[in-house]
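Please read them with the structure open beside you.

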Amino acid sequence: MSQGTQGRARLGRPPRLNRDLIVAAALDSDLNTLTMRDLAARLDVSHSALYRWVADREGLFHLISDVMVERILPTTTPTGENWREWLTALAWSMHEEFLAVPGYAEHVARPHRHNPHSFARLHERVVEAFRVAGAGEEMAEQSWYIFGMGVVQWLGAHQSGHHIGDLEPRFELFLDVLLRGLPARERAEA
């Protein structure tokens, strides 16, 4: 760097794209039908400019998942006294955030390759909640699986309009029943 430019801000046009702009535009769309071309048009950038940030739809969902996990994870730490309330807050955050974006809950509920970073953060915190609730390592992992699959599948089915009866399914009832059965425990021998 020459002495004349040292310490000065870089001149030129500021970047037109960043993670937050891309995710905001995507979250303001129907993710079931959003194409990369549509997203580039929403952002008023070229298709190739968008591809410099995100290679494909899978990459886009990885960016979205990072933001979603930041939004849904409670800022508090689960303890032996509050673990159930902590998981309830997490599940309701998932409910609010996932269902607010058309197609997101449906996508997450389908088999796909998860974002390893955001998935690991969510997994670690939920397993921690079950560990402080008294579950051993294996049962905490089993409880994570039950909780994660249960909540995500309920949200995906709800968003897709899949109901098995005439009544509107109630998330608070589902969540109450789910959490009363967790953490998972080995069945006692008769």
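Predicted model: local features only at pLDDT ≥ 70, side-chain atom pairs only at ≥ 80, totals over all residues.

1. A salt bridge is taken here as a side-chain nitrogen of Lys or Arg within 4 Å of a carboxyl oxygen of Asp or Glu. By that criterion Asp20 forms a salt bridge with Arg19, with 3.5 Å between the closest N and O atoms, and a search of the whole structure finds eight salt bridges.

2. Residues are numbered from 1 along each chain as its sequence is written, and side-chain values use heavy atoms, with hydrogens and water left out.

3. Arg19 also meets the side chain of Glu70 in a salt bridge, at 3.3 Å from N to O. This pair links distant parts of the chain, since Arg19 is in helix 1 (residues 19-27) and Glu70 is in helix 4, 51 residues apart; helices are DSSP runs of H or I with at least four residues, numbered from the N terminus. Arg19 has a relative accessible area of 26% and is partly exposed, and Glu70, at 42%, also counts as partly exposed; the classes are buried under 20% relative accessible area, exposed over 50% and partly exposed in between, with a 1.4 Å probe and protein chains only.

4. Arg125 counts as buried because its relative accessibility is 18%, whereas Glu128 counts as partly exposed because its value is 27%. Salt bridges that share partners join Arg19, Asp20 and Glu70 into one network.

5. How far does helix 7 reach from its first C-alpha to its last? Helix 7 (residues 116-132) has 17 residues and reaches 24 Å, close to the 24 Å expected at 1.5 Å a residue, where the expected span is 1.5 Å times one less than the number of residues. Asn115 caps the N-terminal end of helix 7, with a side-chain oxygen 2.8 Å from the backbone nitrogen of His117. Just after helix 7, Gly134 takes a positive phi of about 110 degrees.

6. The buried residues of helix 7 are Ser118, Leu122, Arg125, Val126, Val127, Ala129 and Phe130, and they pack against helix 4 (57-72), helix 5 (83-99) and helix 8 (137-160). In helix 4, Ser65 is buried, with a relative accessible area of 14%. Leaving aside residues up to four places away in sequence, Ser65 touches Tyr104, Asn115 and Ser118, contact meaning heavy atoms within 4.5 Å.

7. Helix 5 has 17 residues and reaches 24 Å from its first C-alpha to its last, close to the 24 Å expected. Its buried residues are Trp83, Trp86, Leu87, Leu90, Ala91, Met94, His95 and Phe98, and what covers them includes helix 4, helix 6 (104-109), helix 7, helix 8 and helix 9 (171-180).

8. Met149 is placed in helix 8 and, at 37% relative accessibility, counts as partly exposed.

Terms used: Helix = DSSP H or I, 4+ residues; strand = E, 2+ residues; numbered from the N terminus. Polar contact = N/O pair within 3.5 Å; in protein donor to acceptor, adjacent residues only side chain to side chain.
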